[in-house]
Amino acid sequence: MATQRLRVAVLASGRGSNLQALIVARDAGQLPVDFALVGSDKANAGALQLAKDAGIPTFTLNPKDFANRRDFDLELFRQLDASGADVLVLAGFMRVIDGEALKPWVGRMINIHPSLLPKYRGLHTHRRALEAGDVEHGASVHYVTAELDGGPVIAQATIDIRPGDDELQLAQRLLSFEHQLLPAVLRLIAEGRLSLLPPDRVALDGEPQDAPLQLRNGRLVD
Ligand code: GRF
């Protein structure tokens, strides 16, 4: 009997290059998932067009149409539930999600964040790494919990900061590693190899991990 492919929903607020990396990996046969839905809080998000071009259903919710964050998030999750998604990927979704509303998705929701968490939660991560004089920077994929950018880190990609790097150069160089990191983590989930052991441990093949997996030469290693 064929096993069912994982159904994935993606939320994105911007250009959607991480979504595109997932679609490319799926099309290349490297990511055994089906995309159930792509949602955004911005009607003009590039991610929505990429999804449409790939034949993936989309929806937009305008925060201005809701009285408060909780109401917005409850409608967001209602639509995601209705899509039949098993897993939710935040790929550049630029909103803080209400902690109560997201609870049913804990352990089934991941986010990609452009820093070596726990460093630099929140915004302007590249600038902050440069200003701190860091020699390394990176990206993290983590399980989403009620704590902003604070859930258990699954995997990271690390890059050197080069002399003379500015914010844009650093962001662009990191992005190509994000595009490897996110599909690689989602693949582990699709293969049923990854889980969240509450409250805050990541397990690979049932083994609790002491540290995030690392992206090396396009592969995740211990
Ligand atoms: C990425 O840098 C991601 O790490 C962050 O937002 C950015 C989204 O870029 N959370 P894109 O829309 O996927 O191109």
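**A ligand site and some backbone features**

An oxygen atom of the ligand is placed 2.8 Å from a polar backbone atom of Asn-18, in a model that is predicted. Taken alone, the ligand exposes 370 Å², and the protein buries 87% of that.

**Surroundings of the ligand**

- The residues that surround the ligand are Gly-14, Arg-15, Gly-16, Ser-17, Asn-18, Gly-92, Ile-112, Pro-114 and Glu-178.

- Glu-178 takes part through its side chain, where an N or O atom is 2.7 Å from an oxygen atom of the ligand.

**What the record lists**

- UniProt, in an unreviewed entry, lists Gly-16, Ser-17 and Asn-18 under "binding site", and the lining of the largest pocket includes Gly-16, Ser-17 and Asn-18.
- These three residues from the UniProt entry are also among those that surround the ligand in the model.
- Of the residues in the entry, Ser-17 lies in helix α1, which covers residues 17-27.

**Backbone features in the loop between β5 and α5**

- Most residues other than glycine have a negative phi, and most peptide bonds are trans.
- Against that background, the peptide bond from Leu-117 to Pro-118 is cis, with omega near 15 degrees, and Pro-118 is found in the loop between β5 (109-113) and α5 (125-131).
- Tyr-120 is not a glycine, yet its phi is positive, at about 55 degrees, and Tyr-120 also has its place in the loop between β5 and α5.

**A cis bond between two prolines**

- Pro-198 and Pro-199 are joined by a cis peptide bond, for which omega is about 0 degrees.
- Pro-199 belongs to the loop that runs between β8 (194-197) and β9 (201-204).

Conventions: Residues are numbered from 1 along each chain as its sequence is written. This is a predicted model: local features need pLDDT of at least 70, side-chain atom pairs count only at pLDDT 80 or more; totals for chains, interfaces and linings use all residues. Side-chain values use heavy atoms; hydrogens and water are left out. A residue is near a molecule or strand if one of its heavy atoms lies within 4 Å of it. A polar contact is a pair of N or O atoms within 3.5 Å; within protein, one must be able to donate a hydrogen and the other to accept it, and residues adjacent in sequence count only if both atoms are side-chain atoms. Accessible areas come from the Shrake-Rupley method with a 1.4 Å probe; for residues, only the protein chains shown count as cover. UniProt positions are given in the numbering used here, feature names are shortened, and annotations may be inferred rather than shown by experiment. On a 1 Å grid over the protein atoms alone, a cavity is a set of points where a 1.4 Å probe fits but cannot get out, and a pocket is an open set with protein on both sides within 12 Å along at least five of seven lines; lining residues have an atom within 4 Å of a point. Helices (H or I, at least four residues) and strands (E, at least two) are DSSP runs, numbered from the N terminus.
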